[in-house]
Amino acid sequence: MADTPPSAAGGILIAICSIGGTVIGLTQGQVTVGFLAGLVIGSLGAVAVWLRDRRR
């Protein structure tokens, strides 16, 4: 079996950004917008982690 490093987990970025966006949206009175913004930002971060990990 090849000695490969473990893959990075970018899914935590989606979870943290979604929760953070919801909290920020709650303070602004726009919970749904905050959640969706957090979801998009977290997804972009997860894709960036995936792309970086794929090059290893």
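Reader: Where does T4 lie relative to α1?

Author: In this predicted model, T4 sits in the segment before α1.

Reader: Why is T4 called exposed?

Author: Its relative accessibility is 59%. Exposed means over 50%. T4 therefore counts as exposed.

Reader: What separates T4 and R56, in sequence and in space?

Author: They are 52 residues apart in sequence. Their C-alpha atoms are 9.1 Å apart in space.

Reader: Why is L13 called partly exposed?

Author: L13 has 31% relative accessibility. The partly exposed class lies between the buried limit of 20% and the exposed limit of 50%, so L13 counts as partly exposed. L13 belongs to helix α1, residues 11-28.

Reader: Which residues make the nonpolar surface patch?

Author: I12, L13 and I16 make it. The patch covers about 270 Å². Patch members need over 30% relative accessible area; L13, at 31%, is one of the residues in the patch.

Reader: What makes R54 a charge over the ring of W50?

Author: R54 lies over the face of W50, at 5.0 Å from the ring centre. The distance limit is 6 Å.

Reader: How many aromatic pairs are there?

Author: The count is 0. A pair needs ring centres within 6.5 Å.

Reader: How many helices and strands does the chain have, and why is it called more spread out than a compact globule?

Author: The chain has 2 helices and 0 strands. Its radius of gyration is 15 Å. The globule rule gives 10 Å for 56 residues. The value is well over that, so the chain is more spread out than a compact globule. The C-alpha trace spans about 50 × 15 × 10 Å along its principal axes.

Reader: What share of the chain is buried?

Author: Buried residues make up 18% of the 56 residues. Buried means under 20% relative accessible area.

Definitions and conventions. Residues are numbered from 1 along each chain as its sequence is written. This is a predicted model: local features need pLDDT of at least 70, side-chain atom pairs count only at pLDDT 80 or more; totals for chains, interfaces and linings use all residues. Side-chain values use heavy atoms; hydrogens and water are left out. Rings of Phe, Tyr and Trp (its six-membered ring) pair if their centres lie within 6.5 Å; planes under 30 degrees apart count as stacked, over 60 as edge-to-face and the rest as tilted. A charge sits over a ring if NZ of Lys or CZ of Arg is within 6 Å of the ring centre and within 35 degrees of the ring normal. Patches are made of residues with over 30% relative accessible area and no salt bridge: like charges are joined within 9 Å, nonpolar side chains (Val, Leu, Ile, Met, Phe, Trp, Tyr) within 5 Å. Accessible areas come from the Shrake-Rupley method with a 1.4 Å probe; for residues, only the protein chains shown count as cover. A salt bridge is a side-chain nitrogen of Lys or Arg within 4 Å of a carboxyl oxygen of Asp or Glu. Helices (H or I, at least four residues) and strands (E, at least two) are DSSP runs, numbered from the N terminus. Buried means under 20% relative accessible area, exposed over 50%, partly exposed in between (1.4 Å probe, protein chains only). The radius of gyration is taken over C-alpha atoms; the globule rule is 2.2 Å times the number of residues to the power 0.38.
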